[in-house]
Amino acid sequence: MDWPEARALFPSVDKIVYLNTAGGGPLSERSAAAGRAYYEQSLADGDIHWDAWLERVEAVRGELARFLNARPANIAFTANASTGLNVAAHMLRGRGRVLAVADEFPSCTLPFLQLGHDVDFVTAAADGALDIDQLEAAASETTAVLAVSFVQYKSGFRNDLECLGAFCRQRGLTFVIDATQGFGAFPIDVAANHADFLSFSAYKWATSGYSIGAVYVSDRFLVPASYPLVGWRSAREPYDLTSDSLDVTPDARALEQGHPPFAGVFALGASLDLVAEIGIDRIAARIVELTRYLHQRLDAAGIGVLSTRDESHQSGITVAAAEDPGDVVRRLRAEGVIVSTRGAGIRVSVHYYNNRADIDQFVAALAATGA
Ligand SMILES: Cc1ncc(COP(=O)(O)O)c(C=O)c1O
């Protein structure tokens, strides 16, 4: 599939200059059709497709597991990233201090604070860079967990998960990742990265719409007694409908408790199929190439780039400097150019369905604001 063909699957990006995937990605025609098919089947036939829906859920679970290099038993579908991070925070109670990064997306740290974990914060560099020596210095004998995002939502800095995973392994830390700003944009290998918990929402880079995400739980944490919430589908034999004794499956699906959100899972499944068809390595390379072009154009227009210049840490997110980002974002929106404001700048996101013309239009409109 070439890039114009891929773009054509996202009708919304032809109506506006859409550079806001970090806020929320557009749906593709395929994900919309997959979600809609569930509602249409239910509308036409009631519940008679229930078995087929459950089979499709397991097929998507398998697909997601392959994408992450995990087993289906390590994957639970969730409504959002926060749910998966809460699962991690609950299951890690009593293990020791948590090392986290100041200014992370709140869902990465609030679940730990809510449950009374002791959290130590390290401060990243201005461009979002995290230094292993700094983490090393901040970790104490009692540190047990490192909780970070794959791609930082404000700076766009893409952490090297392999390097952080090696650090965790060497120090015996549990590695918790919020992958929301990278899932669907860059490859993720939970085994190679020694991840223990990885949670994501699929409405951004995985273009699957709201209310669907997943959490990966590594084998060593698949311990039923530690699961924070259970329901009928948590049972080893759910269809026995036993209610007077507890036999929870060690499988991560136990964390789903009850019925999965069919429409969301099917939309995610269609997105995973699309990513597989295009190729995640091609998508990642396309994002890096478009980001390089964006930086060149901003440089040429004399507009400051606050994000990292190191391509090995770049993501789909770039932050451009502006005196009054809120005002600029409002003025750009009025011209059909959609970006967002974060921190001291304008957050611009490029995904594979964007093209150079989008970037040219954005930079021209931004320059015209005199920002
Ligand atoms: C890093 C990160 N995690 C999570 C979320 C969203 O969390 P949730 O899926 O729980 O709504 C965002 C949204 O911007 C984010 O940037």
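Trainee: Is Asp 219 buried, partly exposed or exposed in this predicted model?
Mentor: The classes are buried (under 20% relative accessible area), exposed (over 50%) and partly exposed in between, with a 1.4 Å probe and protein chains only. Asp 219 has a relative accessible area of 46%. Asp 219 is therefore partly exposed.

Trainee: Before we go on, what do the numbers rest on?
Mentor: Residues are numbered from 1 along each chain as its sequence is written. In this predicted model local features need pLDDT of at least 70 and side-chain atom pairs pLDDT 80 or more, totals for chains, interfaces and linings use all residues, and side-chain values use heavy atoms, without hydrogens and water.

Trainee: Which residue meets Asp 219 in a salt bridge?
Mentor: A salt bridge is a side-chain nitrogen of Lys or Arg within 4 Å of a carboxyl oxygen of Asp or Glu. The N to O distance here is 2.8 Å. Asp 219 lies in the loop between strand S8 (213-217) and H8, and its partner, 148 residues apart, in the loop between H3 and strand S2 (75-78); helices (H or I, at least four residues) and strands (E, at least two) are DSSP runs, numbered from the N terminus. The partner is Arg 71.

Trainee: Which helix holds both Glu 58 and Arg 61?
Mentor: Their side chains meet in a salt bridge at 2.7 Å, N to O. Arg 61 is buried at 1% relative accessible area, whereas Glu 58 is partly exposed at 35%. The two are three residues apart, about one turn of the helix, and that helix is H3 (residues 50-68).

Trainee: How far apart in sequence are Arg 356 and Glu 289?
Mentor: The closest N and O atoms of this salt bridge are 2.7 Å apart. Arg 356 lies in helix H11 (residues 356-369) and Glu 289 in helix H9 (residues 280-300), so the pair ties together parts whose separation is 67 residues.

Trainee: How many salt bridges does the structure hold?
Mentor: Some are linked: Glu 58, Arg 61, Arg 233 and Glu 256 form a network. The count for the structure is 19.
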